[in-house]
Amino acid sequence: MAIKALLIILIVLVILLVIGVPISYAIGISSLVAILQTVPINVSVVTAAQRTFVGMSKFSLTAIPFFILAGNLMNQGGIAKRLVNFVNAILGKLPGSLLVTNVGANALFGAISGSASAAAAAVGNMVSQGEEELGYDKALCAATNGASAPSGLLIPPSNALITYSLVSGGTSVAALFLAGYIPGIIWAVCCIVVAMIIAKKKGYKGTEGSFSFGNLGKATLEALPSLSLIVVVIGGIVGGIFTATEGSAIAVVYALILGILYKSITWKSFIQILIDSAKMSGMIVFLIGVSNILSWVMAFTQIPQAISAVLLGITSNKYILLLIMNVILLLAGTFMDVTPAILIFTPLFLPIVTGFGMSPVHFGLMLTYNLCIGNITPPVGNTLFVAIKVGKTTLAQAIPYMLMYYAAILAGLLLVTYIPAISMALPQMAGLI
């Protein structure tokens, strides 16, 4: 029954997605079609409605709309430029200085805004003029911009990690947030290494002149108000001063005050920000609610147990099992956004990995890191296409460079997967695990 139900879900889900049905409706419909094989329609429909309502009624969910609103407020003008100047003051002497600066600024802006596509658009626009003036290859710049933008999704505050916390049964958000720093930095460092290698081959040098503490101090002061959002919010959550939900509300107030001080938010733009945030929040929260139907169907038909039996029938070696899971997730990520993929694959794989002793925190970072790669892989790859548009180039021209970035990022994925300390060290030091 379990395998039959899983096949029905996958087939119906793929068909609905191909014909353009929104992912939330596709998940709900495919789940209902699967459960109708064993449960009467009147019972299944009522239960599905109840599960959707329960899924959207969790108080911790309010953190997501607040962080989305805070991110949209921070996306307003002025912040990207200050972050670019700050990173350039630190890394500008390295070969291919603007490429390296692009990577570092993407990591910071993505963490603050919570959007890889927003980071690729904002930071890419900031550095593109300088790159053109210095004769940088447009395709290389676009590839660097796109490849590095998702690194910020791992660095807290991260809506993907909050979603995983909810789906995984209440894994500590504070532990997940703290665990995200090193994997996020690894992603950025992998991109910096590739950028420097290519820059050396092409003869792109660092900025002229010697390192100046004066310039660094000035850039730091300008960027400090924006960077302080991460320090205040994450420090408060990890320190137990307030919850993730309360921290998200504080982030909104902080971002609004910052926008007013920077004079980047008008009454008209504020109303539009509220509308955009409400639309995005409604979409994500409804998606989480509908995923509760899928979770119920999986539990009722015992799909996770069946998947576990199949995988363990192939091998009992946990390292090979993790490799198989990574391959499945990489393939799924090319067609699916991070949030719905987390909702679908967490209940499938989490019972298996916890069965051989893997921490839910470690798995959460492996899962999120893996699925973030889907942001830069065709055919979906929204972040990659934003970077290509900003860089005024084509996918065909950018792909040869992207292949080098893919190799480095995948090497980072293997490190995150097979070295638990990368994800676990910081939460353990803080006493959160």
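Is Ile314 buried or exposed? Ile314 counts as exposed because its relative accessibility is 57%; exposed means over 50% relative accessible area, buried under 20%, and partly exposed in between (1.4 Å probe, protein chains only).

Notes on the model follow.

1. **Basis.** This is a predicted model, in which local features need pLDDT of at least 70, side-chain atom pairs count only at pLDDT 80 or more, and totals for chains, interfaces and linings use all residues. Residues are numbered from 1 along each chain as its sequence is written, and side-chain values use heavy atoms, with hydrogens and water left out.

2. **Nonpolar surface patch.** Ile314 sits in helix α15. Helices are DSSP runs (H or I, at least four residues), numbered from the N terminus. Ile314 belongs to a nonpolar surface patch with Ile3, Leu7, Ile11, Val14, Ile15, Val18, Ile19 and Val310. Together they have about 880 Å² of accessible area. The top contributor is α1, with six residues. Patch members have over 30% relative accessible area and no salt bridge; nonpolar side chains (Val, Leu, Ile, Met, Phe, Trp, Tyr) are joined within 5 Å, like charges within 9 Å. Areas come from the Shrake-Rupley method with a 1.4 Å probe, and for residues only the protein chains shown count as cover.

3. **Cysteines.** The structure holds zero disulfides. A disulfide is a pair of cysteine sulfur atoms within 2.5 Å. Cys372 is in no disulfide either; its nearest cysteine sulfur, that of Cys191, is 12 Å away. Cys141 counts as buried, at 7% relative accessibility. Cys372 is buried too, at 0%.

4. **Helix α6.** This helix covers residues 97-113, 17 residues in total. From first C-alpha to last it reaches 23 Å, close to the 24 Å expected at 1.5 Å a residue. The expected span is 1.5 Å times one less than the number of residues. Most of α6 is covered, with 16 of its 17 residues buried. Gly114 follows α6 and has a positive phi, near 75°.

5. **Helix α12.** Residues 213-238 form this helix, which spans only 31 Å between its end C-alpha atoms. A straight helix of 26 residues would span 38 Å at 1.5 Å a residue. Where does α12 bend? The bend is at Leu224, by about 55°, and Pro225 follows within four residues. The bend is the angle between axes fitted to the seven residues ending at a residue and the seven starting there. Buried residues in α12 include Leu216, Ala219, Ser226, Leu229 and Ile237.

6. **Val252.** Val252 lies in helix α13 (residues 244-261). At 12% relative accessibility, Val252 counts as buried.

7. **Salt bridge.** How many salt bridges does the structure hold? It holds one. Lys202 pairs with Asp137, with the closest N and O atoms 3.8 Å apart. The cut-off is a side-chain nitrogen of Lys or Arg within 4 Å of a carboxyl oxygen of Asp or Glu. The pair links distant parts of the chain, 65 residues apart: Lys202 is in helix α11 (residues 181-202), and Asp137 is in the loop between α7 (116-133) and α8 (138-148). Lys202 is partly exposed at 36% relative accessibility. Asp137 is also partly exposed, at 24%.

How values were computed. Helix = DSSP H or I, 4+ residues; strand = E, 2+ residues; numbered from the N terminus.
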